[in-house]
Amino acid sequence: MSAQAYSGAATLRQLVDDASRALAEAGIEQPRLEAQVLLADAVNATRTQIIAGTVAAPDAGQLGRFRGWIQRRERREPFAWVRGIQEFYGIPFLVGPGVLVPRPETELMVEAALEFLAGRPAARVVDVCTGSGCVGIATAIHRPAASVLFIDLSAAAIEIAGRNAVRHGIQRRCAFMCASLLKAVRGGLDLILCNPPYISSGAIECLPPEVRHEPRIALDGGPTGLELPAEVIRQAAGVLAPGGALMMEVGIGQIGALKQLAERAGFLQTRAMKDLAGIDRLLVAEIPA
């Protein structure tokens with residue numbers, strides 16, 4: 001792709017055409033859309049402006065940035081990583097290597113958390129296995145009296161979660177801890193939110209290329225995929241206040257076993273919530289009041 005071979009809209013069209021072909025050859029499902037979005041990001045424009053050809057041709061720096069992004073997508077790095085941002089619950093979050101890309105199905109946890117916290121304005125919330133911090137931050141934005149402790153074993157994740165908290169102006173109500181699950185947490189919590197690793201170790205290599213780029217520590221739930229979620233349940237039962245709740249995302253087919261484990265751990269009420277695909281995606285378990 002040459003910045004000098006074309007001018008104006010023709011340059012933009014040619015850049016998109018060339019990038020689209022490269023992405024299609026790499027197996028990208030929506031190559032033209034991605035090429036348009038990345039070019040728009042590179043030149044600080046909108047995708048609509050790129051399609052209409054109403055922005056100037058990229059300068060050398062912008063062109064180099066665009067080419068680098070296309071090369072990363074050819075290697076099947078997650079699209080959100082390349083852009084550096086992902087929307088979740090209508091909120092833009094910084095993302096990148098070191099954190100899981102927020103998924104739409106995880107928004108179900110935020111909806112359940114907001115409903116639970118409606119009558120608990122000054123709640124103490126923990127977002128464990130926080131990653132980018134999207135769940136806890138979205139919850140805190142909509143519940144402005146709640147305080148949130150963000151926990152992750154990954155220092156990179158904690159750093160990104162902290163930047164997202166600052167980005168959205170809630171850092172004064174937040175604390176951050178690089179630790180293993182809930183072992184270092186004191187009791188009296190009102191709500192624990194968790195999107196743990198829940199894919200079985202042997203299934204990791206069967207995942208799409210973009211997902212395999214994401215941190216294995218955020219994906220691998222142990223030999224059956226239940227080991228990490230089960231440990232979260234056991235630890236959560238010991239640090240929740242009476243009437244407190246654990247909300248945890250689970251994998252397909254896992255809800256039955258995890259509900260039984262939660263009941264054995266002392267949770268009185270357990271239920272499953274389905275995502276938009278009709279899959280049991282969220283375990284809600286409450287400690288007796």
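Colleague: Why is cysteine 134 called buried?

Modeller: This is a predicted model, and in it cysteine 134 has a relative accessible area of 7%. Buried means under 20%, so cysteine 134 with its 7% counts as buried.

Colleague: How do you know how many disulfides there are?

Modeller: The count comes to 0 disulfides. A pair of cysteine sulfur atoms has to be within 2.5 Å. The sulfur of cysteine 129 has its closest cysteine sulfur in cysteine 194, 3.9 Å away, so that pair is too far for a bond.

Colleague: And what rules out a bond for cysteine 134?

Modeller: Its closest cysteine sulfur also sits in cysteine 194, but at 12 Å, which is too far for a bond.

Colleague: What makes up the contact of α10 with α11, by class?

Modeller: On the α10 side are Pro229, Ala230, Ile233, Arg234 and Ala237, meeting Leu258, Leu261, Ala262 and Ala265 in α11. By class that gives 8 nonpolar, no polar and 1 charged residues.

Colleague: What about α2 and α4: at what angle do their axes cross?

Modeller: Roughly 145°, with the axes of α2 (residues 31–42) and α4 (residues 60–74) coming within 9 Å. α2 passes α4 in a right-handed crossing. Their contact has 7 nonpolar, 1 polar and 4 charged residues, including Glu34 and Asp41 in α2 and Arg65 and Arg73 in α4.

Definitions and conventions. Residues are numbered from 1 along each chain as its sequence is written. This is a predicted model: local features need pLDDT of at least 70, side-chain atom pairs count only at pLDDT 80 or more; totals for chains, interfaces and linings use all residues. Side-chain values use heavy atoms; hydrogens and water are left out. Buried means under 20% relative accessible area, exposed over 50%, partly exposed in between (1.4 Å probe, protein chains only). Contact means heavy atoms within 4.5 Å. Helices (H or I, at least four residues) and strands (E, at least two) are DSSP runs, numbered from the N terminus. Ala, Val, Leu, Ile, Met, Phe, Trp, Tyr, Cys and Pro count as nonpolar, Asp, Glu, Lys and Arg as charged, and the others, Gly among them, as polar. Axes are lines fitted to C-alpha atoms, for helices over the stretch in contact, and angles run from 0 to 180 degrees between N-to-C directions. A crossing is left-handed if the near helix is turned anticlockwise from the far one by less than a right angle, and right-handed if clockwise.
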